[in-house]
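Open the structure in your viewer and keep the selection tool at hand. Each stop below says what to select and what is there.

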Amino acid sequence: MVAVLVSRYPRVDTPTWKRGLASDLLEAGFDLHVVYSRSSLAAQVQAGLAEFGAAGAARRFAEGRLPSRRAPAGGPAPAQSLAVWAEQRGAPVHRFARLGDDDCLARLSELAPDLLVLAGADLVPRSVLAIPRVATVNGHYGLLPAYRGMNVTEWSIYHDDPVGVSVHVVDPGIDTGDILLRRAIPVPTGASLESLRAKHQETARALLAEAAVGLRDGGLAPTPQSPEDGRQFYRMHPVLRERAEAKLRDGTYAWLDRDVTGITP
Amino acid sequence: MRRRATASNAVLTPDHLRRAVSLPALVVRDAAQAQAARRLPASRGVRDDALDLAVGYLRRTHDVTGRRGSSMGYSLLEGWRSAYPETTGYVIGTLLEYASRHPAPDLPVRAREMGDWETAVQAPDGGVTQGAIGSTPVRSIVFNTGMVLHGWIDLRDSEGERYDDSAARAVRFLVDNLGPDGVWSESVEYSWIPHVYNSRVAWAMLRWADATADDGARHAAERHLEWVLGRQRPNGWFDDCVFKPGTQPSTHGIAYTLRGLLESQALTGESRYLDAVLCTSEVLIRKLEVLGYLPANFDEDWRPAARHACLTGTVQLGGVWLRLFQIGGDDRYLNAGLKAIDLAARRQERGPWRATRGALAGSFPVWGRYAPLQYPNWAAKFLADALMLRDDCLAI
């Protein structure tokens, strides 16, 4: 079964969870490919500067390109881009400017994937969504259907709602496709938005792999959602983000240290 | 030092020299920032003294007219412009609101001086003329009359019935010129075309009706608002939202329309006014998120029709969204409002040049088509209004 991991910015695509997800899919027996958008150097430099600043972008470029030289003996694994990692393991990596471009569509059609698995990808055009035989799936850092859109971990904390990850089928809407899996994440005292982000990534990795296997083997029951079941959120303003962070810091977040096992099946 | 605005500047003054130096410097500055910093800022765009600076600019617009009306604003080409009845009308409320929050004993005095000046320039038909004082043609216009009506009503709390005769004459002008279809006569419309942004006029009439039990004013306002609702398309677009024929609606005009509808809902409880505001706001907030800023103009399919931003419209929309948050409690509107206000506030002039300190340019970049190379008094007014709303919303 052919699974295509879809991501962007191949030179700076270093999050550990993505390599973990690719590893999980390979171990599960998928014929794995990686497709990148925004592959031009200019696009990546622009994105890197915007996200990390000049020094941070330079460091990440170096890490993504030269992992072996930076690996300290006995130390933690160095940051390495998914692109380099995948190529070292024989998984083909395909680079394009944009997902909807003709060359990208042609290559994806040739690959005839059963699954597209989104791993921090751009918005996926309809022409791409039409290609996989089974589905396109995404890991969303929020509990659907209530929280759609961006920064929903922050928004959930701001509203004193539980946080978690949902894996869903991607449709043309924003996080409106059928829900495949959900998992609430416990929030311990001392947690920060940064530490929660890492938990979400690892949870998304596990759920995406589980969903891929479930869709391949059967046994996953998609749950439809309707737009009125939730609200779409946008990137949170820094003032509100500070307030969400403060709720974690001062211990006023309602779901701090609570058992969340009953929230999601 | 106080200096009255004059129509001609025949003698070379220090202000001429300052403008000659500043104009190219501002153009270079904005050109440099246009690409790098047009989008949403990563951090807060509002500094602690932003409100004080904006109100300081409004004070200067009053000083330069000899404390009659508020100057239309400062032009990098012409210097201080003449007093502008329309915007002086709604500046009154801003000054009074600021004075209710901060020690500023001069502001109620200034507001009364402006109210008196508006009475002095009111036309015999009860209306208020278009344009700045001294400009032609002299013609009573619905929108300008409504904005001054707001000012006279704002002054009722502190001045009692001092302006009621003027206000009542203005209301009669508005009621008498409104047709049975809710559209004002072309003869009293700017550019001789109907405008949905007259919802702000209807809001003023509803305020007057509430204050004086004038049912004629209320019914006329509601008739006009019905017409406004009928001009909205399912995609949130408003027909007849332009200032002049052959142009695309600006965020300034759209925000006028939305605020008029929203405040009319707050006064009447009519939910359809609110629904209309939500419908258009949803589209504009999405545009703000996707584009990272709000272009000054859009076409009927909400495609950007300009590269520059109308800073007044941006900050006005921020105010509309903060009011939506206040009314409905949905903090997604607080989020959008804060972002829009950031985008405008970060363009507030903060340099040592006294003439423009605290002001907001018409456009970003400063040469954009909306009030090019100018610092309108209404831009500072809407910035100050939005900043006070921001304080209220963040205190919740």
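The tour goes through two loops of chain A, two of chain B and then a pocket of chain B.

This is a predicted model, in which local features need pLDDT of at least 70, side-chain atom pairs count only at pLDDT 80 or more, and totals for chains, interfaces and linings use all residues. Residues are numbered from 1 along each chain as its sequence is written, chains are lettered from A and ligands numbered from 1 in the order written, and side-chain values use heavy atoms, without hydrogens and water.

Select A112(A), in the loop between α5 (102-111) and β4 (115-118) of chain A. Helices (H or I, at least four residues) and strands (E, at least two) are DSSP runs, numbered from the N terminus. A112(A) is not a glycine, yet its phi is positive, about 45°.

Next select D175(A), between β7 (163-169) and β8 (179-185) of chain A. D175(A), also not a glycine, has a positive phi of about 60°.

Move to chain B and select T136(B) and P137(B): a cis peptide bond joins them, with omega about 0°. P137(B) sits in the loop between β3 (128-129) and β4 (140-141). Then select F364(B) and P365(B), joined by a cis peptide bond with omega about -5°. The loop holding P365(B) runs between β6 (363-364) and β7 (374-376).

Last, select Y190(B), F243(B), K244(B), Y370(B) and W378(B). Of the 30 residues lining the second largest pocket, these lie nearest its centre. A pocket is an open set of points on a 1 Å grid over the protein atoms alone, where a 1.4 Å probe fits, with protein on both sides within 12 Å along at least five of seven lines; lining residues have an atom within 4 Å of a point. α3(B) gives the most to this lining, with three residues.
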